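Thank you all for coming. Please take a moment to look at the structure on the screen, and then I will walk you through a few parts of it.

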Amino acid sequence: MPSLTHMALVELERAGILKFVISQNVDSLHLRSGIPREKLAELHGNSFRELCPSCGTEYLRDFEVETIGMKETSRRCADTKCGAKLKDTVLDWEDALPPKEMNLAEKHCRTADIVLCLGTSLQITPACNLPLKTIRSGGEIVIVNLQPTPKDKKASLVIHGLVDKVIAGAMHLLNLRIPPYIRIDFVQLSLSHSPKKKTYVKWNLRIASVHGQRAPLPFLKSVEVSFPERPDLKTAFLQKQPFYLKRETLRKRPFKMLLTFNFSDGCGCPCTTIEWPINFQVTKDNLVRDKNEVLPELGDAANMESHSGQHAVLERKVNPRSEVTVYAIVTNIRRYNGPEEANGVLEITPNGNSNLIKRYGEGVNGGQTSQKRPKWT
């Protein structure tokens, strides 16, 4: 879940104040929160991102990739002209930093007026030396971290405190609203069917990830498939991924299928239900909707209604014997109210002749770390 600071950075970028983000974390939270990919350098990779070494296409997943050290994964590039095996993007100890990410980071540090070092010990090279390029170019650095860092003497301002607390206060002074975090996940529904004589039809329902049938759906715990207008059809409880149901029904008798998605722990609501009318006598049309229109509409609806569970069709592909539909579902919403959410010690130390300003509160926790690669924090 992105923190208050993650979402504040998103708003600062939208306001044109924040120009670029350099991250040593591999948790994908900057991308998930809404920072544009072209304005982000992930120096140590991303455990949710795969890369095609042949054509350079990136794939952002909703699950952690199973390998680290830029090894081959179990998936291939989706481009039919390529099809190369994908690789993870998380560095191992002996791996050099990716040149593309590092070059961008250096470029923006050299041209920045000010660099904010948020929640980092500034001890891991070469990333810890990037802020110094700003100073050499006439810029300044500000450090916010609970503990002292080796670069404190180089900073124009050092704040020992919780990053969330400091950033919330800055957003308040700038009169900028911290946007809510709204998570949207995707699911693919596949219905294949074949006639059995002229009266019956066999059909199979598969509920899977848009990243492939073997990819996990981390936000789904189980699926209940019911038929409210057909008491002769038994409700099915699917509890193992990939979720799969096989049935046989009358060919000429349409029915309505209700799919209740039971969300995993940590989602913003327990479940949501999708209604799917089935009529094997009628052929549906293909449908492709613009993600850039659908997803903001879903997010706005969740924000206005103050709960998750909203869903919408993104695309539908229809063949003579099958139908594949992709849904976008709001699975979480988190609001950030302001400085009162982050309690902790706040010690502001301007370098030079200024007086030391201290303010004490409660709390001992520092910034977030990645569970997968804590040694980089």
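**The cysteines, the sheets and one threonine**

I will begin with the cysteines, where the sulfur of Cys 77 has its closest cysteine sulfur in Cys 55, at 3.6 Å, and that is too far for a bond. Please keep in mind that what you see is a predicted model. For those new to the term, a disulfide is a covalent bond between the sulfur atoms of two cysteines. The cut-off used here is 2.5 Å between the two sulfur atoms, and by this rule the count of disulfides comes to zero. Cys 271 is likewise in no disulfide, since the nearest cysteine sulfur, which belongs to Cys 269, is 6.7 Å away.

Let me now step back to the whole chain. It has six helices and 21 strands, and of its 377 residues 46% are buried. If we take the contacts with a separation of 6 or more, 58% of them are between residues 24 or more positions apart. The chain exposes about 20,100 Å², and carbon and sulfur atoms supply 50% of that area.

Next, the sheets. As a reminder, strands of a sheet pair through backbone hydrogen bonds, either parallel or antiparallel. In which order do the six strands of the open sheet come? The order is β14-β11-β10-β19-β18-β17, and the pairing is antiparallel. At the edges are β14, residues 243–250, and β17, residues 287–288, each of which pairs on one side only. Within this sheet, β10 (residues 181–196) and β11 (residues 200–208) are antiparallel partners joined over nine bridges, and as one example you can find Ser 190, whose bridge partner in β11 is Arg 206. Helix α6, residues 291–305, lies across β10, β18 and β19, and it runs at about 115° to β10.

A parallel pair can be found elsewhere in the chain, where strand β8 (residues 140–144) is joined to β9 by three bridges. Here the bridge partner of Val 142 is Leu 157 in β9. Strand β9 covers residues 157–161, and four of its five residues are buried. Helix α5, which spans residues 163–173, has as its buried residues Val 163, Lys 165, Val 166, Ile 167, Ala 168 and Met 171. Just after α5 comes Asn 175, which takes a positive phi of about 60°.

Is Thr 89 buried or exposed? Thr 89 counts as buried, because its relative accessibility is 9%, and the cut-off for buried is under 20%. Its side chain reaches two backbone oxygens, that of Asn 46 at 2.9 Å and that of Arg 49 at 3.2 Å. When we leave aside the neighbours within four places in sequence, Thr 89 is in contact with several residues, including His 44, Gly 45, Glu 50, Leu 51 and Met 70.

Key. Residues are numbered from 1 along each chain as its sequence is written. This is a predicted model: local features need pLDDT of at least 70, side-chain atom pairs count only at pLDDT 80 or more; totals for chains, interfaces and linings use all residues. Side-chain values use heavy atoms; hydrogens and water are left out. Helices (H or I, at least four residues) and strands (E, at least two) are DSSP runs, numbered from the N terminus. Buried means under 20% relative accessible area, exposed over 50%, partly exposed in between (1.4 Å probe, protein chains only). Contact means heavy atoms within 4.5 Å. Accessible areas come from the Shrake-Rupley method with a 1.4 Å probe; for residues, only the protein chains shown count as cover. Two strands pair if DSSP finds at least two bridges between them. Axes are lines fitted to C-alpha atoms, for helices over the stretch in contact, and angles run from 0 to 180 degrees between N-to-C directions. A polar contact is a pair of N or O atoms within 3.5 Å; within protein, one must be able to donate a hydrogen and the other to accept it, and residues adjacent in sequence count only if both atoms are side-chain atoms.
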